[in-house]
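Subject: Handing over a structure, with notes

Dear colleague,

I am passing on a structure to you with this email, and I would be glad if you could look through it alongside the notes that come after it.

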Amino acid sequence: MSSWMVVTSADNFQRTIDLGFTKQGFKARQRKKVMEQMAAGDDLLYYVTGVQVFAATARITSDGFEEHELIWTSKPGEDYPWRVEVRPDRVLVEEDWIPTSEIAPGLEYVQKWPAEHWKLAFQGNLHRIPDADFAAVRAAIAGGRRLAIAGAKKATAKKATAKKR
């Protein structure tokens with residue numbers, strides 16, 4: 001079992017919520033990680049760019065697969081074709097998202113970068129992270145209020161970028 005961190009925009013996080021947290025897509029350049037390294041039972045941590053927060057954890061429930069339905073967006077032509085099915089673990093309401101500045105500098109994964117540049121750890125779409133780091137962030141998230149996912153069509157992730165700048 002491995003732990004992963006997906007780096008996503010508030011809009012794309014909202015799209016995952018709108019799907020009922022049943023599926024997650026990754027950019028085209030992530031094929032090898034998704035198709036050859038991820039597996040059912042792996043853990044997934046959500047980092048939301050722009051607002052620089054940890055917002056959720058999930059469990060991967062399938063092997064990777066390719067699909068081209070346009071759900072997540074970034075640059076033109078990117079359809080996040082490498083996907084896995086997921087099950088939500090802890091998805092926080094927006095007001096309880098965890099600022100990375102509160103926990104990230106102490107994570108093992110972040111130590112790869114000079115202390116003054118720790119935010120570089122959150123560049124790119126998908127990263128394998130130490131299980132201990134996943135557990136530390138999951139424990140921090142455990143104290144927050146959970147977003148009701150079933151039937152959630154208009155949760156509040158889209159407001160996050162303007163609100164937390």
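The notes below go from the whole chain to its core and then to a few single residues.

Please keep in mind that this is a predicted model, in which local features need pLDDT of at least 70 and side-chain atom pairs count only at pLDDT 80 or more, while totals for chains, interfaces and linings use all residues. Residues are numbered from 1 along each chain as its sequence is written, and side-chain values use heavy atoms, with hydrogens and water left out.

The whole chain

The chain has four helices and eight strands, where helices (H or I, at least four residues) and strands (E, at least two) are DSSP runs numbered from the N terminus. Read from the N terminus, these elements follow the order β-α-β-α-β-β-β-β-β-β-α-α. Along the principal axes, the C-alpha atoms occupy a box of roughly 40 × 35 × 30 Å. The radius of gyration of the chain is 15 Å, which agrees with the value near 15 Å for a compact globule of 165 residues; this radius is taken over C-alpha atoms, and the globule rule is 2.2 Å times the number of residues to the power 0.38.

Of the 165 residues, 49% count as buried, and here buried means under 20% relative accessible area, exposed over 50%, and partly exposed in between (1.4 Å probe, protein chains only). If we look at contacts (heavy atoms within 4.5 Å), we find that 74% of those with a separation of 6 or more join residues 24 or more positions apart.

The nonpolar core

A nonpolar core is a set of buried Ala, Val, Leu, Ile, Met, Phe, Trp, Tyr and Cys residues joined through side-chain atoms within 4.5 Å. The largest one in this model has 44 residues, and F13, F21, L44 and F54 are those with the most contacts inside it. At least two residues of this core come from each of β1 (3–8), α1 (10–18), β3 (43–48), β4 (53–60), β6 (82–91), β8 (126–129) and α3 (131–142), and β4 gives the most, with six residues.

Within α1, the buried residues include A10, N12, F13, Q14, T16 and I17. Just after this helix, G20 takes a positive phi of about 75°. Most residues other than glycine have a negative phi. F21, although it is not a glycine, has a positive phi of about 55°. F21 is placed in the loop between α1 and β2 (23–26), and it counts as buried because its relative accessibility is 0%. Leaving out residues up to four places away in sequence, F21 touches F13, T16, Y46, A56, A58, V86, R87, P88, V91 and I149.

Beyond its neighbours within four places in sequence, V86 is in contact with several residues, among them T22, L44, Y46, A58 and I60.

With kind regards
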